[in-house]
Every structure is written in C-alpha cells, then in structure tokens.
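Please read this report with the sequence and the model side by side. It goes from the whole chain to single residues.

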Amino acid sequence: MEDAYQSVFNKSAGRAAKPFRELHAAEMIKQRAHLSDAKLVEAIRDTVAFQYFMVRTRYEDKIPFNASTLTYFRRRASKISELIRNIITD
C-alpha cells in the first residue's frame, strides 16, 4: 500500500510524504475516538499508545504532523482507493 500511496506524489517536487501506515493508523484512531483532525494530532502527541499504534519507535512530545496533513492524505488516498481495496482483498 505504501508504494501505491507514493505513486500519487510528484517525485521531483516538495518534501517526502509521511508514511502511509502512519497516516492510515491516525485515521483509524480518529474514527474510533471521534476526534477532529486538530484534536487528533494533539491526542497523538499526548498518548504513548497512539504513537505505538502508529508504529513510532519512540515516544515524542511533539505534534507528529499538521492537522491539514490528514486532509491531504484523504484526498490522495481517494485517488487510489480502488487499488488499495484490491491490495487488501488479495
């Protein structure tokens, strides 16, 4: 799924994308906890378990990304949603 997500980006422009797994895990936490994007990034900063679920190697007392990153993630993931479904069903 990481390769599929990376295919949406222009390789020669801007900084590297956050890992798909990290952002997808954040979306799962958001849905389960019923949080807004802004509240989610604060909750991730404050909760060791959330960072562990996002496969972070160590606890960091800082916001992992901007709330707008999740908006961009959803927009990019929607472009490859059929491909993601196919990967999951395989």
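This is a predicted model: local features need pLDDT of at least 70, side-chain atom pairs count only at pLDDT 80 or more; totals for chains, interfaces and linings use all residues.

Residues are numbered from 1 along each chain as its sequence is written, and side-chain values use heavy atoms, with hydrogens and water left out.

**Overall fold**

The protein chain has 6 helices and 0 strands. Helices (H or I, at least four residues) and strands (E, at least two) are DSSP runs, numbered from the N terminus. The order of elements is α-α-α-α-α-α. Of the 90 residues, 29% are buried. Buried means under 20% relative accessible area, exposed means over 50%, and partly exposed lies in between (1.4 Å probe, protein chains only).

The chain exposes about 6400 Å², and carbon and sulfur atoms supply 52% of that area. Accessible areas come from the Shrake-Rupley method with a 1.4 Å probe; for residues, only the protein chains shown count as cover. Take the contacts between residues at least 6 apart in sequence: 54% of them join residues at least 24 apart. Contact means heavy atoms within 4.5 Å.

**The second largest pocket**

The second largest pocket holds about 180 Å³ of space. A pocket is an open set of points on a 1 Å grid over the protein atoms alone, where a 1.4 Å probe fits, with protein on both sides within 12 Å along at least five of seven lines; lining residues have an atom within 4 Å of a point. Grid points are joined across faces, edges and corners, and the volume is the space filled by probe spheres set on the points.

The lining includes Phe-20, His-24, Phe-73, Arg-74 and Ile-88. Helix H2 (20-33), helix H5 (67-79) and helix H6 (81-89) each give two or more residues to this lining. H2 supplies the largest share, 5 residues. By type, the lining has 6 nonpolar, 3 polar and 2 charged residues. Ala, Val, Leu, Ile, Met, Phe, Trp, Tyr, Cys and Pro count as nonpolar, Asp, Glu, Lys and Arg as charged, and the others, Gly among them, as polar.

**Helix H5**

Which residues of H5 are buried? They are Leu-70, Phe-73 and Ala-77. These residues sit on the same side of H5 because they cover an arc of only 55° around the axis. The arc is that of the directions from the helix axis to the C-beta atoms. They pack against helix H1 (2-6), H2, helix H3 (37-46) and H6.

**Individual residues**

Lys-30 belongs to helix H2. It counts as buried because its relative accessibility is 18%. Beyond its neighbours within four places in sequence, Lys-30 contacts Leu-35, Ser-36, Asp-37, Leu-40 and Arg-74.

Ile-63 lies in the loop between helix H4 (48-53) and H5. Its relative accessibility is 40%, so Ile-63 counts as partly exposed. Not counting residues up to four places away in sequence, Ile-63 touches Val-41 and Arg-45. Ile-63 and Glu-42 are 21 residues apart in sequence, yet 6.3 Å apart in space, C-alpha to C-alpha.
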